[in-house]
Amino acid sequence: MKSGSKAPSMRDGKSHRMEDVAVEAKVSLATVSRVFSQPDLVSEETRQRVHEAAARLRYLPNLMAGSMAGKRSRIVGALVPAIASPIFSETISGLSSVLREARYELMLSQSGYDPEQELSILQAFLGRRVDAIVVAGAVITPPSRELLLNAGTPVVETWELITEPIDMAVGFSNPDAAAASARFLIDRGYRRLGFIGGTDRRSMQRLEGFSAALRKAGLADPQAISIKSPAPSSFMEGGAAMDRMLRQDQKVDAVFCTNDLLAAGALFECQRRGLAVPGDIAVMGFSNLDISEVTVPALTTVQVGAREIGSQAAQMILDRIEGQGARPLPLDTGFSIIERQST
C-alpha cells in the first residue's frame with residue numbers, strides 16, 4: 001500500500017569557507033585555523049569572536065583537513081534512535097550492503113531520541129566531511145534541520161513518508177499503515193481496540209492513524225498505553241503495558257502494538273494471565289521482525305520493507321554523488337499486513 005507524495009521543498013543557502021569566517025571575525029586566516037586546530041594558542045576573546053562569526057555563517061570546521069583535502073571521504077553517516085534495536089537493523093544492513101559494493105563505509109551513531117544529541121552527532125558527521133547522511137525518521141527540530149538545510153551535504157530521511165524533506169526521503173506512511181491495521185482488526189469483528197506504543201514521532205503518527213480509522217468506523221478511540229521514549233522497546237515493556245491495559249479495561253478484545261517486540265511481550269502477558277490469543281484477545285504487531293514468526297501463536301504484523309528502505313536510501317546517495325538525474329521525489333516503499341494466528 002502506498003500513498004502519494006508532494007514535490008519536496010528546495011534547499012537553499014551555501015557552504016561557507018574558513019576565509020569567510022576570517023573576514024566576518026576581522027582576523028587572519030591563520031588565526032581562524034588556530035582557533036579550530038590549536039585553540040590554546042589563541043586568546044579567549046579572539047576564540048569567542050571567531051566562534052560567533054562561524055555560528056553566524058553556519059560554518060563547520062573540516063576536521064579531516066589536510067589528510068582528505070580535495071578528496072571524498074567515502075564515508076556515509078547514519079543516525080538511528082537506538083543501535084541495539086532490531087527495528088532499524090535491517091535498514092542499516094540494506095544501506096551498508098549497497099554502499100559497500102560501491103566502496104563506501106558507514107559511520108553509525110544513535111540519538112536516543114534526544115534532540116541535543118541528534119544535533120551534536122550531525123555536527124560531528126559534517127565536521128568529518130561525510131559524503132552523505134542518512135537519518136531514521138524526519139529531522140524536525142529547528143537547529144538540526146537548519147544545519148542540514150545549509151550544509152550542502154546529501155541527506156536522506158527514512159522510515160517516514162515526508163512531503164517536504166530536507167533533501168531526499170524514502171519510507172512509508174505511518175498513519176496509513178496504522179489505519180490499515182485498525183481496519184484489518186475491525187473487518188475481523190473486533191470492536192474494543194487497544195493501542196500500545198511509544199511517545200516518539202512515528203509512534204504518535206501510528207496512534208493518530210489508528211484512532212482516525214476507529215472513529216471513521218463509528219467506534220471509540222482506542223485504550224492507549226504510552227511507553228515514554230526513549231525507553232527500549234522490549235518484551236518486558238510490552239508485557240507491562242498489556243498488564244496496565246487489562247487492569248484499566250478488561251473488555252479490550254484486540255491490541256495493536258507499534259512494534260513486534262512490544263507485541264510479543266503483550267502476547268506473553270496474556271498467556272501468563274491464562275488468556276487465549278486470539279480466543280479471548282487478539283494481538284497485532286508492526287515491522288515483521290523474526291520474533292513475529294516464532295511466537296505461539298505467530299503474530300499478525302505489518303511488513304514495511306525495512307531493508308528496502310536502506311538499500312533505496314543508499315542508491316539515492318550514490319546517484320546524487322555521481323550526478324545521475326534530478327533530485328528524486330520522496331519514495332514510498334509501501335507496507336503490507338501479514339496475517340498470522342494471533343488475530
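Tutor: Let us begin with a definition: two strands pair if DSSP finds at least two bridges between them, and strands (E, at least two residues) and helices (H or I, at least four) are DSSP runs, numbered from the N terminus. This is a predicted model, in which local features need pLDDT of at least 70 and side-chain atom pairs count only at pLDDT 80 or more, while totals for chains, interfaces and linings use all residues. Residues are numbered from 1 along each chain as its sequence is written, and side-chain values use heavy atoms, with hydrogens and water left out.

Student: How do you know that β1 and β2 pair?

Tutor: Pairing needs at least two bridges, and β1 (residues 75–80) and β2 are joined in the parallel sense over six bridges; in β2, E105 is the bridge partner of I75.

Student: What makes β2 and β11 edge strands?

Tutor: The open sheet of six strands has the order β2-β1-β3-β4-β5-β11, with parallel pairing. β2 (105–110) and β11 (331–332) each have a single partner strand, so one side of each is left without a neighbour in the sheet.

Student: Why is α9 called oblique to α10?

Tutor: The axes, which are lines fitted to C-alpha atoms over the stretch in contact, with angles from 0 to 180 degrees between N-to-C directions, come within 6 Å and cross at roughly 55 degrees for α9 (residues 235–248) and α10 (residues 260–272). Angles under 35 degrees count as roughly parallel, over 145 as roughly antiparallel, 65 to 115 as roughly perpendicular and the rest as oblique, and therefore α9 is oblique to α10.
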